Amino acid sequence: MSRKPKLYYFNGRGKMESIRWLLAAAGVEFEEEFLETREQYEKLMQGGSLLFQQVPMVEIDGMKMVQTRAILSYIAAKYNLYGKDLKERALIDMYVGGTDDLMGFIMMFPFLSAEDKEKQRAVIVQKATSRYFPAYEKVLKDHGQDFLVGNNFSWADVHLLEAILMVEEKKSDVLSGFPQLQAFKARISSIPTIKKFLEPGSQRKPVPDDKYVETVRRVLRMYYDVKAN
């Protein structure tokens, strides 16, 4: 019997959260080891577990994988969430890439000053509603299918739902002008594995708080101030 994947990261979202989402969507149980001290982090580096001296790191199928995109691609392919052919995989990569760009505006939000957070909140909403959400709205409207690629549930759908929920945390009615995305959100959220992950008590992490920020700064020795985009 194969071991459960083991995730090494902080007890918070960051770059690991999309990995949690994808494993959960695939119905895969996983274990987590949370980094709380600099010593834990250095032990992983000294032991050769962190190829580029960075987390996330995931132990899966006898490998110690780093680099978020590589981890996600592997999981998507392993659990049939990566399309049926090369063209579908290219579309999934393209849509995931766009969603990643949007998430990039959100990822460092917790590390900003109060003043910069307000500026960045406006940037996030503006980018979502003028660039990214219109693109996905058009894709769904044009092909009239339930999912983004090949009318099958894929990594692209998981990633987009994660991004939608993140932006809604910044502006709750952000989907008001996007009926296709509203319906998409309802469909994907009702998939049993996703529904389970969205329920209280799952391994989904909450909005990052001050404790998470302080832990990340301490472990990674982030002594500088993050600036808004």
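Student: From which domains does the lining of the largest cavity draw at least three residues each?

Tutor: First, a caution: this is a predicted model. Now the general idea. Rolling a probe the size of a water molecule over the atoms shows where empty space is left. In this case, domain 1 (6-79 + 198-220) and domain 2 (86-190) each give at least three residues to the lining of the largest cavity.

Student: How many cavities of 30 Å³ or more are there?

Tutor: The count is one cavity of 30 Å³ or more. The largest cavity has a volume of about 40 Å³.

Student: Which residues line the largest cavity?

Tutor: The lining consists of R13, E17, W21, E162, L165, M166 and R204. By class, three are nonpolar, four are charged and none is polar. Look at the helices too. α1 and α6 (155-168) each supply at least two residues of this lining. α6 gives the most, with three residues.

Student: Now the open space. What is the volume of the largest pocket?

Tutor: Its volume is about 650 Å³. The largest pocket has 26 lining residues. Y9, K15, V55, P56 and T68 lie nearest its centre. Sorted by class, the lining has 16 nonpolar, seven polar and three charged residues.

Student: Which elements give two or more residues to the lining of the largest pocket?

Tutor: They are α3 (68-78), α4 (86-107) and α9 (210-220). α4 gives the most to this lining, with four residues.

Student: Why does the largest pocket lie where it does, relative to the domains?

Tutor: Check who lines the pocket. Domain 1 (6-79 + 198-220) and domain 2 (86-190) both give residues to the lining of the largest pocket, so the pocket lies between them.

Student: Next, the sheet. In what order do the strands come?

Tutor: Four strands form an open sheet, in the order β2-β1-β3-β4. The pairing is mixed. β2 (31-34) and β4 (63-66) stand at the edges with a single partner strand each, so one side of each has no neighbour in the sheet. On average, neighbouring strands are turned by 20 degrees against each other, direction ignored.

Student: Which strands does helix α1 lie across?

Tutor: Helix α1 (residues 17-25) lies across β1 (6-9), β2 and β3. Against β1, helix α1 runs at about 165 degrees.

Student: How many bridges join β3 to β4?

Tutor: Four bridges join β3 (residues 57-60) to β4, and the two run antiparallel. Read the partners off across the pair. M57 has V66 in β4 as its bridge partner. E59 stands opposite K64 in β4. β3 and β4 form a hairpin with two residues between them.

Student: Is the peptide bond from V55 to P56 cis or trans?

Tutor: The bond is cis, with omega near 15 degrees. P56 has its place in the loop between α2 (38-46) and β3. Tie this back to the pocket. V55 and P56 are among the residues nearest the centre of the largest pocket.

Notes: Residues numbered from 1 in each chain as written. Predicted model: local features only at pLDDT ≥ 70, side-chain atom pairs only at ≥ 80, totals over all residues. Heavy atoms only, no water. Pairing = 2+ DSSP bridges. Axes fitted to C-alpha atoms, helices over the stretch in contact; angles between N-to-C directions. Contact = heavy atoms within 4.5 Å. 1 Å grid on protein atoms, 1.4 Å probe; cavity = no way out; pocket = protein on both sides within 12 Å on 5 of 7 lines; lining within 4 Å. Points joined across faces, edges and corners; volume = space filled by probe spheres on them. Nonpolar A, V, L, I, M, F, W, Y, C, P; charged D, E, K, R; others polar. Domains from an automatic or database assignment.
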